[in-house]
Amino acid sequence: MAELRGDHASAAARHRRGLEIARSAGEPRTLALSLEGPAGAAARAALLLGAADGSRGSVGAPPPAAERGDVERITASAVIVLGRDMFAATFLHGTNNFLDIAENAGSNFS
C-alpha cells in the first residue's frame with residue numbers, strides 16, 4: 001500500500017523486512033512473494049520476477065491468484081521498457097540464479 005501511495009521509502013523498508021523474514025523462513029513460496037513485491041524498476045523487475053519464478057519452480061508452486069495481477073502489470077511495464085528479448089534474458093538469469101539474487105536483493109531495494 002505504501003508503494004501505491006507513493007511512499008517509496010516506507011515501501012522499501014517494508015520490502016527489506018519482508019525479504020529478511022522470508023529468507024529466515026526458508027520457504028520458497030514466501031521467498032518468491034518477497035522478491036515480487038519490490039520489482040518496480042524494469043531491469044530489477046525482470047531479475048526479481050525471474051528469481052521469484054525460480055524459487056516457485058523449485059517447489060512446483062504457481063503464483064497465487066491474488067498476486068498474478070501485480071506480476072502481470074509489472075511484467076508488462078518491464079517488457080515495454082526493456083523490450084521482449086532483454087526482459088527474457090534478464091528474467092532467465094534471475095530464474096537460474098534465484099538463491100544468489102535473494103541473498104543480495106534486500107541491499108538493492110530503494
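What share of the contacts in the protein chain with a separation of 6 or more comes from residues 24 or more positions apart? Such residues account for 65% of these contacts, a contact being a pair of heavy atoms within 4.5 Å. The model is a predicted one, in which local features need pLDDT of at least 70 and side-chain atom pairs count only at pLDDT 80 or more, while totals for chains, interfaces and linings use all residues. Residues are numbered from 1 along each chain as its sequence is written, and side-chain values use heavy atoms, with hydrogens and water left out.

The overall picture comes next. The protein chain holds 6 helices and 0 strands, where helices (H or I, at least four residues) and strands (E, at least two) are DSSP runs numbered from the N terminus. Read from the N terminus, the order of elements is α-α-α-α-α-α. Of the 110 residues in the protein chain, 35% count as buried; here buried means under 20% relative accessible area, exposed means over 50%, and partly exposed lies in between (1.4 Å probe, protein chains only). The accessible surface of the protein chain amounts to about 6,200 Å², and carbon and sulfur atoms contribute 56% of that surface. Accessible areas come from the Shrake-Rupley method with a 1.4 Å probe, and for residues only the protein chains shown count as cover.

Helix 3 runs over residues 42-57, and its 16 residues should span 22 Å at 1.5 Å a residue, which agrees with the 22 Å between its end C-alpha atoms. The expected span of a helix is 1.5 Å times one less than its number of residues. Among the buried residues of helix 3 are Ala 42, Leu 48, Leu 49, Gly 54 and Arg 56.

Helix 4 can be read in a similar way. With 18 residues, helix 4 reaches 26 Å from its first C-alpha to its last, close to the 26 Å expected at 1.5 Å a residue. The buried residues of helix 4 are Val 71, Ile 74, Ala 78 and Val 79. They lie on the same side of helix 4 because they cover an arc of only 140° around the axis, the arc being that of the directions from the helix axis to the C-beta atoms. On the other side of helix 4, the residues Ala 65, Glu 72 and Ile 80 are exposed. Just after helix 4 comes Gly 83, with a positive phi of about 90°.

Charged side chains complete the description. The structure holds 3 salt bridges, each defined as a side-chain nitrogen of Lys or Arg within 4 Å of a carboxyl oxygen of Asp or Glu. One of them joins Arg 17 to Glu 20, with the closest N and O atoms 3.2 Å apart. Both residues belong to helix 1 (residues 8-25), where they sit 3 residues apart, about one turn of the helix. Arg 17 is partly exposed at a relative accessible area of 48%, and Glu 20 is partly exposed at 39%.

A further salt bridge links Arg 29 with Glu 27, whose closest N and O atoms are 3.0 Å apart. Arg 29 counts as partly exposed at 45% relative accessibility, as does Glu 27 at 23%. In helix 4 (residues 65-82), Arg 73 and Asp 70 are 3 residues apart, so about one helical turn separates them. Arg 73 and Asp 70 form a salt bridge, with the closest N and O atoms 3.4 Å apart. Arg 73 is partly exposed at 45% relative accessibility, and Asp 70 is partly exposed at 37%.
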